[in-house]
Amino acid sequence: MQNQTTPATPIGAPVHFIPGDEKAPPPREGMGLCLSGGGYRAMLFHLGAIVRLNEAGILQKLKRISSVSGGSITAGVLGYKWKRLVFQNGVAANLMDEVVSPVRTLAGKTIDVGSVLVGSLLPGTSISERVEKAYDQTLFHGATLQDLPSDAEGPRFVINATSLQTGVLFRFSKPFMADYLVGMIKSPTVPLAKAVAASSAFPPVLSPCVLNVKASDFDAQGRGLLFKEPFNSTIVLADGGVYDNLGLETVWKDYQTVLVSDGGKKLAPDETPAHNWLGQTLRVLETIDNQVGSLRKRQPIEGYKNSADAHDGTYWGIGSQVKDYGLADVIPAPEEHVKELANTATRLQAMEPKYQDRLINWGYAICDTAIRAHVDKTISKGSLPYPASPI
């Protein structure tokens, strides 16, 4: 965060360094996990990865879990339930009951269509508020950011949104929430459902999410260049994936070992793109989102390969292939089935239980492959959580 007395590059300059990033220290020892956006598709894919990381004894070792959009639903539930997890020899014995079950309950409900209809037509509410209500009723039950674990109790959960006012990342966590251009609010009591709704406020349909605060809430030592009205009273947010579709930034800057779970959907070719203004706008937004995701994906993969980079870890994506990791012993995943799952629509739309099984199984299988290839070669091959529902 920037102190008011710290000189800074003018906001309009071609390159604007975040204060403190010009001479960033090397990442510290520790492991972080990034969970991408992608609606229910990503939410369930990440759930499978969480199950595998737990079985491998890695979940409890994480220092940070950073998420955006659909990944924030999974991360939000994991964070909310973290203190209820019973770890035995490094493995949470009750993860399926405490985390997997409620996420699957949400996956059986369509909340985007109803939220759009009611939020658009009913006075006194918004689309984002309807999404928030659905999240709270099914998952969070009035919990706030203060119900997440402290740094001494577990990993720090960082739920990322994008400020539509300043164009930078807005971070929700237990210790603070912040936009570095505006300032920091310590120990925020924002509902966990609102933080997740902001992180998953996919534009232009589910955004914006408006957060009302007071100027007096901001820490006096962490106020930025835009600490003024209306930036410090009305915060207007959209999906975290607009800025960083992998939730990568808040882990990459701090920790040496970075695990990336990417449930994002690759942009499909379109032979006859729409010529009307609405269709063109949507296609352009999809193209921008695809490019942001591609650039973010390149960062960790190139970083792992670069001997001069201090980072290690691994990346797995919903469109990855197990054969590309070079392991002789992998959980089979037919390419045509992987392609089908990777092309699941980015929606908050109900899914049949069998399809949920398959997405969770695929997240489990590709995570299993990635961690055994690049994180710990001594880990034994896992077994699918739902063997009756092949990938």
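This is a predicted model: local features need pLDDT of at least 70, side-chain atom pairs count only at pLDDT 80 or more; totals for chains, interfaces and linings use all residues.
**Helix α10 and the cores**

Helices (H or I, at least four residues) and strands (E, at least two) are DSSP runs, numbered from the N terminus. Helix α10 takes in residues 353-374, and its 22 residues reach 32 Å from first C-alpha to last, close to the 32 Å expected at 1.5 Å a residue. The expected span here is 1.5 Å times one less than the number of residues. Of those 22 residues, 18 are buried, so α10 is mostly covered. Buried means under 20% relative accessible area, exposed over 50%, and partly exposed in between, with a 1.4 Å probe and protein chains only.

A nonpolar core is a set of buried Ala, Val, Leu, Ile, Met, Phe, Trp, Tyr and Cys residues joined through side-chain atoms within 4.5 Å. The largest one has 93 residues, and Leu78, Tyr135, Phe140, Phe172, Trp316 and Trp362 touch the most other members. Helix α10 gives this core its largest share, 10 residues. A second, separate core of 9 residues includes Leu246, Val258, Val260 and Tyr315.

| Residue | Element | Relative accessible area |
|---|---|---|
| Asparagine 160 | strand β5 (residues 156-163) | 1% |
| Arginine 296 | helix α8 (residues 277-305) | 15% |

Contact means heavy atoms within 4.5 Å. Leaving aside neighbours within four places in sequence, asparagine 160 is in contact with residues including Ser66, Ser67, Leu169, Ser199 and Thr250.

**Helices α1 and α3**

How do these two pack? Helix α1 (residues 39-55) and helix α3 (residues 95-107) have axes 10 Å apart, at an angle of about 170°. Axes are lines fitted to C-alpha atoms, for helices over the stretch in contact, and angles run from 0 to 180 degrees between N-to-C directions. The pair is therefore roughly antiparallel, a label for angles over 145 degrees. Among the residues that meet are Leu44, Leu47 and Val51 in α1, and Val99, Val100 and Val103 in α3. By class, the contact has 13 nonpolar, 1 polar and 1 charged residues. Nonpolar covers Ala, Val, Leu, Ile, Met, Phe, Trp, Tyr, Cys and Pro; charged covers Asp, Glu, Lys and Arg; the others, Gly among them, are polar.

Helix α1 is largely enclosed by the rest of the structure, as 16 of its 17 residues are buried. Just after α1, glycine 57 takes a positive phi of about 80°.

Most residues other than glycine have a negative phi, and most peptide bonds are trans. Serine 69, not a glycine, has a positive phi of about 50°; serine 69 lies in the loop between β2 (64-68) and α2 (70-81) and is buried at 7% relative accessibility. Histidine 141 also has a positive phi of about 50°, in the loop between α5 (127-140) and β5. Cis peptide bonds join proline 203 to proline 204 and serine 207 to proline 208, each with omega of about 0°.

How values were computed:
Residues are numbered from 1 along each chain as its sequence is written. Side-chain values use heavy atoms; hydrogens and water are left out. Angles under 35 degrees count as roughly parallel, over 145 as roughly antiparallel, 65 to 115 as roughly perpendicular and the rest as oblique.
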